[in-house]
Structure formats: structure tokens, C-alpha cells
Amino acid sequence: MKDTERDLADCVGAIYQAGAGDGSWLDVGERICRIMDARRALLVLGGPGGPRNLLMPADGSETAYAGYFHARDPYAAKARYDFATARAHHLGNAKLGTELVAENEFLNSEFYYDFARHHERRHVIGGMAGLTEATPILVSRGDDTGAFDETHVRLLKTLMPHVQRAIELRARLGRNDETFALTRAALEALPVGVGVVDAGLKIRFINDLARRYLAGPDAGLFSLRSGPCVGSGVYLAAMSREEASVLRRLVASATSGGTGGAMRVTSRNGAVVGLMVAPAPQGLAADVSGMDGGAAREAFALLILRPLNRKVAPQADMLCEMFGFSRAEAEVAVALTGGASAEEVARRRSVSLMTVRSQIRSILGKSEAENLRDFERTMATLGALVPQLR
Amino acid sequence: MPLLDLRQYIEALRNLGEIQEVAAPVSLDLELGAIIRHCSETGSPAPLFSAFADHPSGFRILGAPAATSARRGLAMVRAATSLELPPTSSGIEIAEAIAASLDLPAINPQIVDSAPCFENISTGDDVDLNRLPVPLLHDGDGGRYLNTFGCIVARTPDGSWTNWSIARIMVVDGKRMTGLVSPQQHIGMVAKAWADMGKPMPFALALGVEPSIPFICAMPLPAKVDESGRLGALMRRPIRTVRCRTVGLEAPASAEILIEGYLHLDEKTKEGPMGEYPGYIPTEPARDGPVYHVSAISHRHDAILPVVAAGEPAEENHTVWGTMISAQILHDLRAAGIPATTAWIPQQSAMHWLVVTLPRDWRRRTGIDAAQALCQRIGEVMFSTKAGVVPKVIVLNDDINPDDLKELVWAFATRCHPLLGHAVFRDEPEDPLVAYLRTNEKTAARTGKVVYNCLPPDEWGEALPVRASFRHGYPAEIVDRVKRRWSEYGFR
């Protein structure tokens, strides 16, 4: 082992940085593998998109483990058992794989036969960590480099208390999960369609409203599962060549230091949707695409979708709440926004024109609008906050 | 180890199992051509003939010198070995290496004092081309072709440009030859410069040269670029040349046979026809060709003449010329800002298709937004150069390997809309040998060309079709699992 003490100290520093959200767990994984002469390291914690191994970049092996073999992993099962039965005894401890799972049992398992032997997991050391459930660190090698020994166990034991504290720190700060969840929840709650795409229009996030719009049979925009392989991503596309070209231009601008812009997208049924394209703030982009700290920051574009040719007035309740209108004033305000004249409103409501004019004066006063045209502008702005794509 | 002459190349091929000695006497009259054709079509080892039923001994012939091999993973072993690349290199890898060399500074040739080809010298009245074993290659050829894989050296009168090229040359009699010399070819331009001064063009024809030389002779470099310097850059060493005895030229010193003389553009004789690279033996009558007057013949003891029997793929026109054109076009496209992953002439297309593949983000890299505009640009870049001889260009995304015929045919059939996005060029210079040209097009050496758009609809942007194949249509872990358990399922 090379300059081990210094490497260990550096690794401990990296562990705390990752736990605080200022460093990269991948860096921790690399350091642990280097110190232990290991090929892979595993620490599965919850995060954007569900639990995943924080210590290795996503590859075929990680995908297979996350998709299926995690449930067949005998070391993970043993860790769950130990944690449930004697947490205090096991926390911070590290053991050779053969002490955790009998060699015969391991070699005869589906996990070994179908997965571990092909993915550098023949020899294992496990270190116990966890908060409410077992989240052990498993360090492994293939058959070509031979088994681990007690020296390696001691090294992992040295690191485990720090890993445990870093996990606690991560949970307290709640950076990854909560930020991610909050951002998504906020975007889902918006009354407009919202999407985040990369420079090639690969969709990184899309809220429910936008998803519904794209799935519409007449929509001018649609999402497209891309090849050549399954899992190559989903892309945003436009039905019309011309609109697709404008969309690409706006996204190119927004992802290359420009300001983006706005365009109209026409559906087959004649409905028109306004699409605003702007650079996605870096924090938002990182949150919705689930990037971990330290990952390369790619430029994304934020898309906001809103129908244009459907007049949408704020609901009366909303106006009462915002401006302190009476119920009658709110209903008059909604009717006026729909294009009706004061006379028509009076006729429809079976009241005198005088009454309506009085209500209009009150409406202008409470809304601090200078005149009816100014009030209509206010109503149009409020209309943007009304769910419209449903 | 560098392969500095044809004999070293033959030894290298022998060690790779790519040489078949043919000691049985064969007839130069069609039999030898038929054997070489069969070798080319079956990927058999290159035949090395040492005895001829209808010609005295003293010479040997190497057939199919750079044809493809039938051995798995070694299809381009002869081309790769010729260029001192790993024997398992694919054609696309070879083209990539050649394209990369085009940005390196030229390494000019090194003139040496003597060469093995001067072991036997005939000049003046002693010159007799009939002493050479010149085969009749196809039933229907208009004569016996001496040059099918040699290097023609020519230099402009002011000495500023020395051109090395390959063009077929037929023996007329003991002292005269004829061949294809079109005004569009570089040799035609040099010959015209001499003819404009009222003088014949000095030439040297080096046969049986070191194996890399025919490749550079086949490369469609721009006019006024010396092939010898570019080959030096590719091979990372100067190519050795030697002064000719009767003309003011230097020829490759590695030649087994060196023929010198003067080309008279104003003197004509019947040339051709000859079975050619499109895969047909022309039925039209012979045409007039200019006359090469021979002033000297030199050769090594037991000299070896390389012979290509042109025809249906794959022979050296496809493996050598095709690879060099692919490399030049790949370089030119990239230089023009088109991010081609590769440019490749599939050998089975007999030089009539060139496939350009592009990454999905080509719009962002080029600033071109529409596939049709991209195809137009590719055509403009390609057809404006000597490399644009290929009349049909297929533009695909780079999930397709153009060297895999099964994949290419499927992609061309299923991704090419018959009407949308193609770029048509209606009147472009063309090689009259292109198979389907009408008589007026052959005479004018001009025809239409097309760039086929096989990219996804513009509306899709960077999205690509999802392929329903074992490799692409399933998650990686399923593919991996099926492969691992294949024998467990009972398959062998």
C-alpha cells in the first residue's frame, strides 16, 4: 500500500466534504478503491431518482445491481440482519466477506454466478454504517487480484466512523434529497407547463402539466423516445419542421450564454401555445437532473409552456382573496375580462347599469388599477397563474 | 519493421498466411487473369506465379497484391500490412490513419545512387516490352495490360510538381504502350503542359514498388501536391528514389521493373476496352489513347510484376483507391467543418457509393439546421475535388457502421425517404468508367450526382430511431445475461 497514512487522511477529508455536500462521493469511492487496492466500492443511499451507489459512476454493472441484483446481494442481506439485531455492536466495524457470508453459500448464489463474478465482486470487505437502516460500505475485487486480508480490514475500520458521521451529516443537511424533492415539488405545483432540456433537447425534467400537453394527440410539441439503444433518453420535438428549427435555435441560445426567447407553437387543432425558453439557473438544473456535487455542470434550458388563444380569467375566489373584492365585484371583474361591456354585465346579472358602474369603480379602486384597460392587464397576468393545460 | 520493397512485403504476407506459391505453369492468356479474379472474389491468398506456359522464365507475377482476405477479422490485412498498420485494422481505421497524416508536414523523398532494378538494363534498339510477362486479363480486353498496380512518374516542365499516379497501360508492341490519360487526371494535366510546349512528356513507370506506393498513387490529392512527400508523411520516413537512365526523372528505387520513355499526347493508337472497377467488361469498341514510347527497360533478376484483375468487388480499385478516396474525403469534410465520424466507400459498391456518418449533434457542430442543407454542403465539399468521383453519397447517423453491409443495406432501405432531403447535383465532372453512364455522359465526362439524406426527420432534432435489434433493443443487463447463459439455454 502506498503512502497509506496520508491517503487515509485525505480520504477522511473527502468523506466529510461529500457528507456536507461540498465534495463528491465519487471522489470518496476512488480514494477508497486506491487505498484498499479494490476495484469497486458500494454505498447505497437514497437520492434523486431513488437509492443508488454514490461511490461509483453509473455503468452497466451499477445499473444491473440497482435494477435487480441488489435484492440478491447476500452481503447486503447480512448487513440488514446485523443492523436489525445488534446495531450498536456492528456500527463502525469491518469484516472480510468470508466472515459475513460463508464462502460456499456465496459461490453457489445466483448473485455470484450471474453477477458478482463478472463485475469484480469476487472478494469483498464489508463495513457497517447506517442511520435508520443498514447502509454498509462494500469494497470488492475480481478474482484476478486475490482476496483481501486483515490489513485491508483495519484500513476500512479506520474509515468507517468517518463514513458514519458523514452519512449523519448528509441526512441532517438533507441537501440532495430535500433540495431535489422541493425543487420538483415546486415545479410540479406551478400552474404552467415546465420542462428542463439540454442543448440537444434531451428532456431532463418535465412537470405534469407539460407532460400532459406533450401527450396530447394534437399537440404541436411531443416527446420522443430516442435510440439507437433503449435508454438513450427522451427528446423534445415539434410537429412542424419550422417550429422545431425555431425551438432548437432558442434552446441553443439559452444553453450557450444567450437569453433564449419565446415562440408560438400551433397544434393540429389550431390551439396555440406560448413557449418561453430561458437559461435554466444552475441550481435548478442540478436539482432536476439529479447531479451530485462535483459533477460536471452542463448548460440546460428552462421551458415554460402556456396556451395563448384560450382566454383564461382568474377565478372569482382568487380575486376576492387577492383584492378583497366582494363576491359580486369578483363576478363582474371575471365577466369584464371575458370581453363583456358594462351594459351586457348589467343585463346578464339583472341589475342596473348604475350598480355595475359602481362595482367597476370599486374594482378599480381595490385593485389599484387606473382604468379598465389597466385592470385587464392585471387580470391577464393573473391568468398566467391559473392552471391552463389540464 | 518498414517494408521497403515488394519482396519484403511478400515475406510479410507469407508469414501471415496470405501468399500462395503457384509453381505450376499457367497461361498468361486469360488463365492467369481468371486465377487472380477467383482469388479476389473468394478472399484466397495472393497467388505468386513463377512459371508461365506461354512465356519464358525469368519473371514472376504477384496477383491480387492488396485484395481482401476471407479470413475472419483480417479482411484488409494486405492493405494494412502495405501501410505498416496492425494486420487486424479495418478499412475505416486505415482511412482514419491516412486522413490524419494529411495534416502532417510532407517528408520529401531521398534520392539514392543506385537501385536493384538496374541489375538488367535495355535501352535503344534493345528495348523489347514483349520480354515482360504481360497478361490478357479478361475475355474481351482490347490488349495485354502491363500496368495495373504500378507508379507512373511525371513532372511538369518547370519542375515544380512531380506527380505519381496509377492508370492502366497496355502494351502496343515491343517499344510502345498506350493507356488512359484524360485531361481531368493529373497525368493528363502534366502531359498537356509538355504538349503545349510542343514536347512529349518524359515518364517513368515503376512496377513492383514498395507496397505503400500504389496507395499514394491512388490518392486523389489536390493538383500540384507531390505524392512522394505525402507518402513520406504517412510512413514517417522519406521514400527512396533513384535517377532514371534516359529521362530526367527520379522513380521509386524499390521498383522491380522500371520503364522509361516519353508520352506523346498527339500520337494516338487503339486503347481498351478492359474489364474495370465497376465490375463490367465494356462492349464498346476501343478508343484512341496516347502513345508511350519506351526508351529504357530495367529490371531486377527474377523480377516480380504485380497484377490486378479489375472487376466485381473486391479488388485493388476498391481496397486501395476506395480507401484512399475515403480518407481524402474524410479529411476534406472535417476541414470544411462537417463533423464526419467516418467517410467510407463500401467495397461492394464498386466505388459508386460513399457513406458519410455523423454524430447526432451535427446541427450544433455545424450551425446547419436542416438535413437537406447539410447534404447540399457535403455534396459541395465532395464534388468540388478530385475525390468526388463517387457519384452517390449516403448520409447516415453514426450508429451505423458503413463497413457492415448488412447494417448498411438495412439502414439505407429504412432511413431514406425517396423524396425528402436529398441534394441533387445535375452536372458534375465524372470518371467515364462509371458503369451506368450514357454515351453522351461518357464523352463529356460529366453527369449528375446525388447525396441521399438518411437522417431522421428534421422535426426530431437529435433524437434517433430506437433499433429493434438484440444489441440495441434490450437493456444492457439483459443482453449480458442472455450472452452468458446462451449455452445454458441449449444453444451451441
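Which residues in H13(A) meet residues in H14(A)? On the side of H13(A), they are A:Ala316, A:Asp317, A:Leu319 and A:Cys320, and their partners in H14(A) are A:Arg327, A:Ala330, A:Ala333 and A:Val334. By class, the residues of this contact comprise 6 nonpolar and 2 charged, with no polar ones.

The model is predicted. Chain A has 390 residues, of which 49% are buried. It contains 17 helices and 12 strands. Among the contacts in chain A with a separation of 6 or more, 59% are between residues 24 or more positions apart.

**Two helix pairs**

Two packed helices are described by the angle between their axes and the distance between the axes. The table gives these values for the two pairs discussed here.

| Helix pair | Angle between axes | Axis distance | Handedness of crossing |
|---|---|---|---|
| H13(A) and H14(A) | about 120 degrees | 9 Å | right-handed |
| H14(A) and H15(A) | roughly 130 degrees | within 10 Å | right-handed |

In chain A, H13 spans residues 316-323 and H14 spans residues 327-337, and their axes pack at an angle of about 120 degrees. That angle makes H13(A) oblique to H14(A).

The axes of H14(A) and H15(A) cross at roughly 130 degrees. These two helices are therefore oblique to each other. To this contact H14(A) contributes A:Ala328, A:Glu331, A:Val332, A:Ala335 and A:Leu336, while H15(A) contributes A:Ala342, A:Val345, A:Arg348 and A:Arg349. The contact of H14(A) with H15(A) has 6 nonpolar and 3 charged residues, and no polar ones.

**The two faces of H15(A)**

Helix H15 of chain A covers residues 342-349, and its buried residues are A:Ala342, A:Val345 and A:Ala346. Why do these residues lie on the same side of H15(A)? They do so because they cover an arc of only 100 degrees around the axis. An α-helix has 3.6 residues a turn, so residues three or four places apart point the same way.

The buried residues of H15(A) pack against H14 and against helix H16 (353-367) of chain A. On the face of H15(A) turned away from this buried side are the exposed residues A:Arg347 and A:Arg348. Just after H15(A) comes A:Ser350, which takes a positive phi of about 55 degrees.

Definitions and conventions: Residues are numbered from 1 along each chain as its sequence is written. Chains are lettered from A and ligands numbered from 1 in the order in which they are written. This is a predicted model: local features need pLDDT of at least 70, side-chain atom pairs count only at pLDDT 80 or more; totals for chains, interfaces and linings use all residues. Side-chain values use heavy atoms; hydrogens and water are left out. Axes are lines fitted to C-alpha atoms, for helices over the stretch in contact, and angles run from 0 to 180 degrees between N-to-C directions. Helices (H or I, at least four residues) and strands (E, at least two) are DSSP runs, numbered from the N terminus. Angles under 35 degrees count as roughly parallel, over 145 as roughly antiparallel, 65 to 115 as roughly perpendicular and the rest as oblique. A crossing is left-handed if the near helix is turned anticlockwise from the far one by less than a right angle, and right-handed if clockwise. Contact means heavy atoms within 4.5 Å. Ala, Val, Leu, Ile, Met, Phe, Trp, Tyr, Cys and Pro count as nonpolar, Asp, Glu, Lys and Arg as charged, and the others, Gly among them, as polar. Buried means under 20% relative accessible area, exposed over 50%, partly exposed in between (1.4 Å probe, protein chains only). The arc is that of the directions from the helix axis to the C-beta atoms.
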